[in-house]
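Colleague: I am new to this structure. Could you take one part of it and walk me through it closely?

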Amino acid sequence: MDTGWVIYGSLLIVGAFLVFDPRKGARPIIIMILAVLAGVGVSLVGIFQGSNANVDNGLIAFHTFGAQGVMLAGNIMAIVVGAGGTRIGLTRGRSIASITLGTAGLIAFPLFMTDVFTGWMWNIGLFERAVIYPIMIGHALLGSSVAAAQRHRATHPLPPLTARVTARVER
């Protein structure tokens, strides 16, 4: 599982750099920054386990920093992606879903942190998943939407530039 988190984080960063063009404005840059923060965060979770040994030796700080980083950056990324979804290739429904998922994750975050810091530890796994699953579902929505848009472009290529200019002039 730890290896999976590191791979997930690495692929998130690489994928963001492959999909988003920073020359197209602030939104792609923000998404790329959030993807790097979330990717590094989830990788830290995989590298530094939340074990009793890491609590004792102090390495739990890296796990905690990574977990909180991915929880915040990942959910904010889902909201930012959803807000500009049509420009990225998301349908209106997927854009709304991405915003809703990110918002739900951000709402669950303080509940999770309260549960952790008070020592109450009541059903901590439920709260943790309420923060993390929206991120993962948001990434799946983004990835499948980008793939569908690429597939559509491949099967419906644009006509040559001269044909598009002629058609525009004729209108």
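Modeller: What follows is a close look at one helix, its two partners and the core they share in. Keep in mind that this is a predicted model.

The helix is α4, residues 60–83. Start with its packing against α2. The axes of α2 and α4 lie 7 Å apart, at an angle of about 150 degrees. Angles over 145 degrees count as roughly antiparallel, so α2 is roughly antiparallel to α4. The crossing of α2 past α4 is left-handed. What kinds of residue make up this contact? There are 19 nonpolar residues, four polar ones and one charged one.

Ala67 sits in helix α4. Is Ala67 buried or exposed? Its relative accessibility is 14%, and buried means under 20%, so Ala67 counts as buried. Leaving out residues up to four places away in sequence, Ala67 touches Gly41 and Val45. Helix α2 spans residues 26–47. Now compare a residue further along the chain. Arg92 is 25 residues from Ala67 in sequence, and the two C-alpha atoms are 30 Å apart in space.

Next, turn to α7, residues 124–155. The axes of α4 and α7 come within 9 Å and cross at roughly 40 degrees. The two helices are therefore oblique to each other. Here too the crossing is left-handed, with α4 passing α7. From α4, the residues that meet α7 are Val70, Met71, Gly74, Asn75, Met77 and Val81. On the α7 side they meet Glu128, Val131, Ile132, Pro134, Ile135, His139 and Leu142. By class, this contact has nine nonpolar, three polar and one charged residues.

Some of these names come back in the core. The largest nonpolar core has 30 residues. Which of them touch the most other members? They are Phe20, Ile31, Met71, Met77, Val81, Ile88 and Leu142. Helices α1 (2–19), α2, α4, α6 (92–117) and α7 each supply at least two residues of this core. In soluble globular proteins, nonpolar side chains tend to be buried together.

Finish with Ile88. Setting aside neighbours within four places in sequence, Ile88 is in contact with Phe20, Ile31, Val81, Leu142 and Val146. Of these, Val81 and Leu142 also take part in the contact of α4 with α7.

Definitions and conventions
Residues are numbered from 1 along each chain as its sequence is written. This is a predicted model: local features need pLDDT of at least 70, side-chain atom pairs count only at pLDDT 80 or more; totals for chains, interfaces and linings use all residues. Side-chain values use heavy atoms; hydrogens and water are left out. Axes are lines fitted to C-alpha atoms, for helices over the stretch in contact, and angles run from 0 to 180 degrees between N-to-C directions. Helices (H or I, at least four residues) and strands (E, at least two) are DSSP runs, numbered from the N terminus. Angles under 35 degrees count as roughly parallel, over 145 as roughly antiparallel, 65 to 115 as roughly perpendicular and the rest as oblique. A crossing is left-handed if the near helix is turned anticlockwise from the far one by less than a right angle, and right-handed if clockwise. Contact means heavy atoms within 4.5 Å. Ala, Val, Leu, Ile, Met, Phe, Trp, Tyr, Cys and Pro count as nonpolar, Asp, Glu, Lys and Arg as charged, and the others, Gly among them, as polar. A nonpolar core is a set of buried Ala, Val, Leu, Ile, Met, Phe, Trp, Tyr and Cys residues joined through side-chain atoms within 4.5 Å. Buried means under 20% relative accessible area, exposed over 50%, partly exposed in between (1.4 Å probe, protein chains only).
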